[in-house]
Amino acid sequence: MYNLFNSNKIFFFILFFSTLISISSNSWFGCWIGLEINLLSFIPLISNSNNLFSTEASLKYFLTQSIASLNFLFTILIKLTLMKNFEMNNFLTIMMNSSMLMKMGSVPFHFWFPNIIEGLSWLNSFILMTWQKITPLILMSYCMNNYFINIIIILNIIIGAIGGLNQTSLRKLMAFSSINNLGWMIMSISISETLWIFYFSMYSFMISILCFFFYILNMYFINQLFINNMNFLVKINILINFLSLGGLPPFIGFFPKWIIINFLINNNMYLMTFIFVMMSLIMLFFYIRISYSAIMFNYMKNKWFKIYIKNKYFLFINFFSFFSITGMILSTLFFY
Amino acid sequence: MNNMKYSICFISFFFLFMMMMVNFFFMIYFIMNDMVILMEWEIMSFNSLSIVMSILLDWMSLLFMMFVFLISSVVIYYSKSYMQSELNLSRFIILVLLFVFSMMLLIISPNIISILLGWDGLGLVSYCLVIYYQNLKSYNAGMLTALSNRVGDVFILIVISWMLNYGSWNYIFYLEFMNNDWEMMMIGSMIIMAAMTKSAQIPFSSWLPAAMAAPTPVSALVHSSTLVTAGVYLLIRFNMMLLDMFFLKLLLLLSGLTMFMAGISANYEFDLKKIIALSTLSQLGLMMSILSMGLPDLAFFHLLTHAMFKALLFMCAGIIIHMMNDIQDIRFMGGISLYIPLTSLCMNISNMALCGIPFLAGFYSKDLILELVSFSNLNLMIFFLYYLSTGLTMFYSFRLMMYLMVNDFNLLSIFNLYDEDYIMLKSMFVLLFMSIISGSFLSWMIFSYPYMIYLPFNLKMMVIYVSLVGGMLGYFISNMKIYSVNKFLMTYNLSNFLCLMWFMPNLSTYGLSYYFLNLGQSLLKNIDMGWSEIYSGFGMMQVMKKYSVFYNVYQMNNFMIYLFSFIIWMFILFMMLMFNN
């Protein structure tokens with residue numbers, strides 16, 4: 001909470017409104033302007049003069065985002081001059097999509113994403129994983145090259161699952177999980193925007209609980225879950241939220257995935273469905289590996305630290321975890 | 001506990017004894033009026049199939065119930081003293097009562113489903129009773145007992161599914177009318193197999209001596225009237241249907257061999273309870289074989305008389321084991337008739353009744369059986385099996401008697417044999433009375449007219465010949481010196497074969513599980529921990545890890561390369577855009 005309520009307030013404001021500028025703009029230039037403002041407002045949020053890593057991360061973020069914006073600008077200019085701002089071309093859409101993919105850290109251009117998130121605090125990681133994806137996704141949905149995007153989706157799903165398998169850093173792990181979920185999100189936005197909103201809000205909800213959690217507990221690596229003497233309920237909450245994120249049925253994380261799978265099957269995308277489901281199995285595997293060993297295998301081991309969590313945030317966590325558990329069941333109340 | 005009147009043993013005894021009296025009077029009434037009562041309670045009915053609980057009360061079931069109640073009441077009374085210092089006496093008594101209850105269900109129902117209820121109940125409770133003393137030997141014996149009986153349960157289940165054809169499970173209605181049906185033949189074969197497991201006939205006989213791990217009162221109950229006779233009783237009920245079947249001839253051979261095998265093994269045995277168990281096995285073989293010759297009422301007769309003296313024999317053995325400081329080996333015993341005359345009296349009378357000494361219980365049934373065997377049309381082998389086994393019964397009974405009563409006391413120089421446990425003695429005297437009179441009483445009661453027997457002199461005297469020879473051999477073998485015993489080593493393999501019940505315990509435990517365990521181990525190693533591991537869980541994990549490591553190498557590149565490759569990619573796209581136009 002260190003920078004949420006101090007001088008950075010104005011940058012948060014700009015960050016949010018820049019996104020709104022670009023997604024509600026009716027010209028490509030307006031979109032570009034929104035993107036640039038967004039970049040320039042996020043940099044002060046992540047750079048911290050006391051921390052070398054976050055400074056490095058802000059520099060990297062600036063480089064990648066500016067190159068992506070540059071190419072975006074280049075693409076819209078070409079579109080303006082060569083295509084008379086009228087027609088779209090296959091290559092032009094691929095160029096446009098590529099720059100957007102670079103911006104949100106999707107797979108072929110995602111290498112900056114785990115690198116940068118490693119230098120960020122949990123709150124900034126949360127913003128990077130959720131809010132910063134809105135603009136590129138919406139802009140990409142304006143002109144999608146389906147052949148290209150399908151490949152991108154599959155790559156996202158696979159790389160997100162496999163890349164996270166060997167990670168010990170929780171932030172990197174969440175980054176790869178975000179890459180995987182990006183595949184789902186691109187899929188959902190290519191089907192319908194409402195579906196995307198649903199998936200995105202659910203994903204943000206689950207991610208917010210986990211990030212807030214790790215932020216409170218100050219956890220950055222997996223072994224911190226094992227060597228700390230935590231309340232059993234806390235661990236159970238972590239497990240439930242991870243399972244929810246992985247998409248295990250009784251929890252709410254399954255709900256958006258279920259709907260997307262339903263739409264995929266309706267559109268006869270069986271291979272896609274297969275890959276989605278199989279890779280979410282791997283996702284679930286490493287989610288479980290974290291929380292399961294924290295609860296079961298290493299539970300009786302000697303601990304090095306003892307954490308007492310008795311602050312007001314913990315109540316929030318429990319409250320949100322309650323939604324995570326019962327959300328899917330409660331949501332049936334809407335459809336009687 | 002110490003108050004006799006309000007102990008669970010006394011209450012159960014009183015209840016069971018009253019039930020015995022009720023059954024006794026009803027039995028008399030039913031026989032006099034030649035009555036049968038059949039009650040049916042329909043539990044559920046679907047698709048013209050009705051599952052009913054039927055109760056058949058005729059003189060046979062009432063008589064059998066009377067005997068079971070008598071023996072169980074006496075056994076429970078006996079347990080009051082025998083299990084005196086037992087911590088879980090209530091559990092023990094409740095198990096015995098459950099056992100009796102299962103037996104009742106089996107006796108009174110002519111319906112194969114409700115028979116299964118009693119049948120399975122017997123198997124389960126017998127398992128609980130065999131493992132009552134919690135040690136490794138008991139567990140093994142209990143498992144052997146339970147699994148051997150389980151085979152019979154499976155056969156009963158198959159019978160249930162076969163009888164679905166007929167739309168009802170009340171088998172008594174089909175015994176005559178469906179006699180020549182092929183399905184009925186299958187049912188009959190299954191019933192015979194089931195009865196063979198319960199009555200421990202030859203391929204399944206290893207559990208019966210093993211079940212001696214149970215407390216002695218349980219042995220008295222199990223080996224006289226309840227568990228092992230269930231199979232015989234079932235075949236008596238089914239006998240009308242089975243008469244023409246080939247399988248019954250096979251049963252005749254197998255039960256004759258069982259009788260013979262048990263008789264021989266009993267002669268090699270030194271464990272007091274095991275000798276009695278083997279004699280039970282021998283008598284069961286006798287019942288089964290006379291049954292398979294088509295004389296069910298004789299089998300029933302012998303079943304009842306045998307129940308009396310066998311229960312008594314076990315109870316005497318229990319007292320002796322108690323006094324011998326829990327030692328069962330008969331080589332340590334000897335001369336006990338000097339110290340415990342009343343127990344020895346009971347023991348000797350029951351032993352003689354077992355041998356068929358005239359005018360004791362066993363005489364009436366065994367003599368009748370053997371004369372009818374001589375009377376009927378049999379081949380030489382079956383004939384000799386009967387007579388040799390009769391001789392062998394005499395043989396091991398006399399050997400046992402000599403070892404226990406006559407020889408020197410061999411246990412310790414300081415001992416305390418006393419004959420003043422009146423709770424046990426009172427219960428034994430009831431059975432003593434019964435094992436003297438029950439033969440004549442039953443023969444007058446059951447058979448409305450005497451069998452007409454018509455034999456040449458030597459054949460008629462055959463029983464006495466073999467008995468005398470057997471008794472003499474028993475006397476001689478009990479006096480055998482230790483160096484003569486060692487001469488059995490000259491025929492080591494033969495002795496092994498004979499004293500290990502023809503290798504049957506090995507065959508049904510180690511011999512059966514050896515190959516399957518080996519197979520299981522190889523399957524475990526090759527499939528579970530081998531191929532299926534490689535091609536599912538572990539192999540997948542390895543492949544994924546490999547990919548992950550491969551991917552992480554890409555992740556370690558210089559940051560500039562990523563940006564540069566993106567720019568090149570955009571450049572390529574731009575060039576293609578340009579040249580496409």
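Hi everyone, let me begin with a term: on a 1 Å grid over the protein atoms alone, a pocket is an open set of points where a 1.4 Å probe fits, with protein on both sides within 12 Å along at least five of seven lines. Its volume is the space filled by probe spheres set on the points, which are joined across faces, edges and corners.

This is a predicted model, where local features need pLDDT of at least 70 and side-chain atom pairs pLDDT 80 or more, while totals for chains, interfaces and linings use all residues. Residues are numbered from 1 along each chain, chains are lettered from A in the order written, and side-chain values use heavy atoms, without hydrogens and water.

So, how much space lies in the largest pocket? About 980 Å³.

Among the residues closest to its centre are B:Phe270 and B:Tyr403.

Now, the two chains together. Contact (heavy atoms within 4.5 Å) takes in 36 residues of chain A and 24 residues of chain B. The buried area, meaning accessible area (1.4 Å probe) lost on being put together and summed over both parts, is about 2600 Å², with 79% from carbon and sulfur atoms. On chain A's side, A:Phe91, A:Phe111 and A:Asn166 supply 24% of the area that chain A buries, more than any other three residues.

Note on methods:
Buried area = accessible area lost by both parts, 1.4 Å probe. 1 Å grid on protein atoms, 1.4 Å probe; cavity = no way out; pocket = protein on both sides within 12 Å on 5 of 7 lines; lining within 4 Å.
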